[in-house]
Amino acid sequence: MRMVDLIGRKREGAAHTAEEIGWIVAGFVKGDIPDYQMSAWMMAVCFSGMNKEETAALALGMARSGDIMDLSDVPGIKVDKHSTGGVGDTTTLVIAPLVAALGAPVAKMSGRGLGHTGGTLDKLESIRGMRVDLSIDEFKANLRKIGVCVTGQTGNLAPADKLMYALRDVTATVRSPALVASSVMSKKIAAGADAIVLDVKCGTGAFMRTPEEARELAGTMADIGAQLKKKIVAVITDMNQPLGLAVGNGLEVREAAQLLRGEIPSTDPLYRVCVLLAAHMIALTGRAKDEQEGVKLAEKALQSGAAYGKFLEMVNLQGGDTGMIENSDLLCATRSTQQVRSDRAGYIQSMDAVKIGVAAQLLGAGREKKTDSIDHSVGLVMHKRCGDAVSAGEPLATLYVNDDRRAEESADTLRHAVRVGEQRIEPPPTVYDVIRQ
């Protein structure tokens, strides 16, 4: 086989065999296939797509490129959750300790920022001393001890995905349903969880722009899970505006801590999505008979402080400074803050969540290249959501700034991301659909 021939065939829309896909994955991991050829092949996939068999073969090939974690010696049904990425998407930081507080082991391997979206590992690293590079033995030990661990891809798990993930970020090949589905499911297969809840985002700030695209992706991932006898539920959620109000690493950790402490109302979209995802995770493990009971249990764990206590346990066990959680303003202590104000009165008609993510990235909260460093304390906090009334001169957002040279472009980007008009509108729904295996 020659990679140049396979690139050409995929460019013309031909389907690969499982053997060919396995050869591509293995060759890339070994270094026989260079970055530029892999980038060209992934771009061809973006244009031509992959069928279900190809996508499943890619996910399995990526998972089998390294070790498959065996969690059978950890008691209970292990559950995982994955989001396809968005802006202000702080759900993992809330859900992992929340579900663990209810007795269901949460084995979570997360990634770094990709494009305009934030990464859970980057957020956790805003906590001084927090380790996200645990070994497999440490990962399993933490699971046994407190029932939850959130870390990066440990050891030799899915090395093909690590390499492809970094390339996709810088070659505009992020939004392909086949590449997203295979990336997500390869990590889930390798990480060894028994049950998985998928949070599939759709809207201006998501890789899938419409509910229909999101349903297609969710169905593809559910099909892969079914072949491997994994329990799967996919929830289609909105990303036409940031899910949380905070966008930026330390700022999002602060918001997660606020939610876990009961400082965010139950009407808030971030609260509602976190509770719903947690409810499905609890139900998949058998600790709730159905989603409705799961919601009640999740809300009780938030109200009692059990979920917040579990978050502090997790941070402490992974070396993090819990003082930064208890005094969470320390997470976003910047040189200055600046207001971005509306230039007219009216109602928020729409938001471009991608531009809002880019506005935070311009301040230093995200990466343009995979080698870029991140400023964990910077970002922004929105003060309005779609459908809200706004007065002329009223703040739309607050920027958290360490470099004033970056602030003007960030503020201008944010202003262009928020459209104000005279007509009152209904805000977009929080949840569009739930897809069960």
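1. Contact, as the word is used in this note, means heavy atoms within 4.5 Å. The model is predicted, so local features need pLDDT of at least 70, side-chain atom pairs count only at pLDDT 80 or more, and totals for chains, interfaces and linings use all residues. Residues are numbered from 1 along each chain as its sequence is written, and side-chain values use heavy atoms, with hydrogens and water left out.

2. Not counting residues up to four places away in sequence, P242 touches V87, V247, M351, A353, I356, M382 and R385. P242 is found in the loop between β5 (231-238) and β6 (246-247); helices (H or I, at least four residues) and strands (E, at least two) are DSSP runs, numbered from the N terminus. Is P242 buried or exposed? P242 is buried, with a relative accessible area of 3%; buried means under 20% relative accessible area, exposed over 50%, and partly exposed in between, with a 1.4 Å probe and protein chains only. P242 and M382 are 140 residues apart in sequence, and their C-alpha atoms are 8.5 Å apart in space.

3. Strand β7 (residues 336-341) and β11 pair in the antiparallel sense over six bridges, and S336 has V401 in β11 as its bridge partner. Strand β9 (residues 379-382) is joined to β11 by four bridges, and these strands run antiparallel. The bridge partner of L380 in β11 is L399, while V381 stands opposite T398 in β11.

4. Six of its seven residues are buried, so β11 is largely enclosed by the rest of the structure.

5. Strand β8 (residues 346-351) pairs with β12 in the antiparallel sense over four bridges; I348 has V420 in β12 as its bridge partner.

6. Helix packing is the next topic. Two packed helices are described by the angle between their axes and the distance between the axes. How do helix α1 (residues 3-11) and helix α3 (residues 35-48) pack, and at what angle? Their angle is about 15°, with the axes 8 Å apart. α1 and α3 are therefore roughly parallel to each other; angles under 35 degrees count as roughly parallel, over 145 as roughly antiparallel, 65 to 115 as roughly perpendicular and the rest as oblique. The contact is made by M3, V4, L6, I7, K10 and R11 of α1 and by Q37, M38, A40, W41, A44, V45 and S48 of α3. By class, this contact of α1 with α3 has nine nonpolar, two polar and two charged residues; Ala, Val, Leu, Ile, Met, Phe, Trp, Tyr, Cys and Pro count as nonpolar, Asp, Glu, Lys and Arg as charged, and the others, Gly among them, as polar.

7. S39 also lies in helix α3. S39 is buried, with a relative accessible area of 14%. Leaving aside its neighbours within four places in sequence, S39 is in contact with L167 and T171.

8. Another helix pair consists of helix α5 (residues 91-101) and helix α11 (residues 249-260), whose axes come within 8 Å and cross at roughly 35°. Which residues of α5 and α11 meet? L93, V94 and P97 in α5 meet E252, V253, A256, L259 and L260 in α11. The residues of the contact of α5 with α11 divide into seven nonpolar, no polar and one charged.

Note on methods. Two strands pair if DSSP finds at least two bridges between them. Axes are lines fitted to C-alpha atoms, for helices over the stretch in contact, and angles run from 0 to 180 degrees between N-to-C directions.
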